[in-house]
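Reader: Could you walk me through how pockets and backbone angles are read in a model like this one?
Author: Gladly; please have a look at the structure first.

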Amino acid sequence: LTEADLIAKDVNGYFHLTPIGEAALQFIPSFEFIYKHKKYFKTHTISVLPTEFAASIGALRKSEYVNGVTEMLFNAENAVKESREFMWISVDQILPSSLPFFLEAIARGVEVRKLMPRNAAIPPAILELANDPAFERAARAKKAESRYLDTIGIFMFLSEKELAGIGFENLEGIFDYGSFRSQDEIALKWAKSLFLHYWGKAKRE
């Protein structure tokens, strides 16, 4: 550590971190998070993330890994039901079972934002459900908004209370919906900033 200039000995013979060591210490949470979930990250990529968010992914270190689409959907729908201020989602599919919960959320004043890739293939029957006039009225009233990007590379369900789920594409570019869930303030701040980063680049159709 001394040879790497990470620590140095002071005049009293005590070791302390050098400025390089202090800088390196900031990256430990990210390494710790990735190593803890190395099985997941062997088959999923964070290369799609903007560099500043990939480097700070340790913000999720207190999150819980959720393996399986059923539990992830349960967590997401529960977050919609419990939201009171906002519910922001980034998805590649419309979840028909969640549509009534979103309508209820909008009715109680929750701000709903939805990010989707432009090439999302939505089955016609589900698209018909999503075209409920209530969503159109909410959009006109600026209570709900959808924006689109060519690619996103993440899915996310975020309310003011919790990050109900965030996951990344596997090496085939597909979501298997293994996800990370957290109510930690650091994770919420990181996820909110990430969503707003994409939101600012996305366009209305």
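This is a predicted model: local features need pLDDT of at least 70, side-chain atom pairs count only at pLDDT 80 or more; totals for chains, interfaces and linings use all residues.

Author: Residues are numbered from 1 along each chain as its sequence is written, and side-chain values use heavy atoms, with hydrogens and water left out.

Reader: What volume does the largest pocket have, and which residues are closest to its centre?
Author: Rolling a probe the size of a water molecule over the atoms shows where empty space is left. A pocket here is an open set of points on a 1 Å grid over the protein atoms alone where a 1.4 Å probe fits, with protein on both sides within 12 Å along at least five of seven lines; lining residues have an atom within 4 Å of a point. The volume, the space filled by probe spheres set on the points, is about 830 Å³ for the largest pocket. Of its 32 lining residues, Lys114, Phe135, Glu145, Ser146 and Tyr148 are the closest to the centre.

Reader: Which element gives the most to that lining?
Author: Helices (H or I, at least four residues) and strands (E, at least two) are DSSP runs, numbered from the N terminus. Strand E5 (111-117) gives the most to the lining of the largest pocket, with 6 residues.

Reader: And what volume does the second largest pocket have?
Author: About 220 Å³. The second largest pocket has 16 lining residues, and Asp92, Pro117, Asn119, Glu169 and Phe175 lie nearest its centre.

Reader: What is found at the start of H8?
Author: There, a side-chain oxygen of aspartate 132 reaches to within 2.7 Å of the backbone nitrogen of alanine 134.

Reader: How should I read phi, and what is phi of lysine 142?
Author: Most residues other than glycine have a negative phi. Lysine 142, in the loop between H8 and E6, has a positive phi near 60 degrees.

Reader: Is lysine 142 buried or exposed, and where is tyrosine 177 found?
Author: Lysine 142 is exposed (over 50% relative accessible area, with a 1.4 Å probe and protein chains only), at 74% relative accessibility. Tyrosine 177 lies in the loop between strand E8 (163-168) and strand E9 (179-182), and its phi is positive too, about 70 degrees. Tyrosine 177 is buried (under 20%), with a relative accessible area of 17%.

Key. A polar contact is a pair of N or O atoms within 3.5 Å; within protein, one must be able to donate a hydrogen and the other to accept it, and residues adjacent in sequence count only if both atoms are side-chain atoms.
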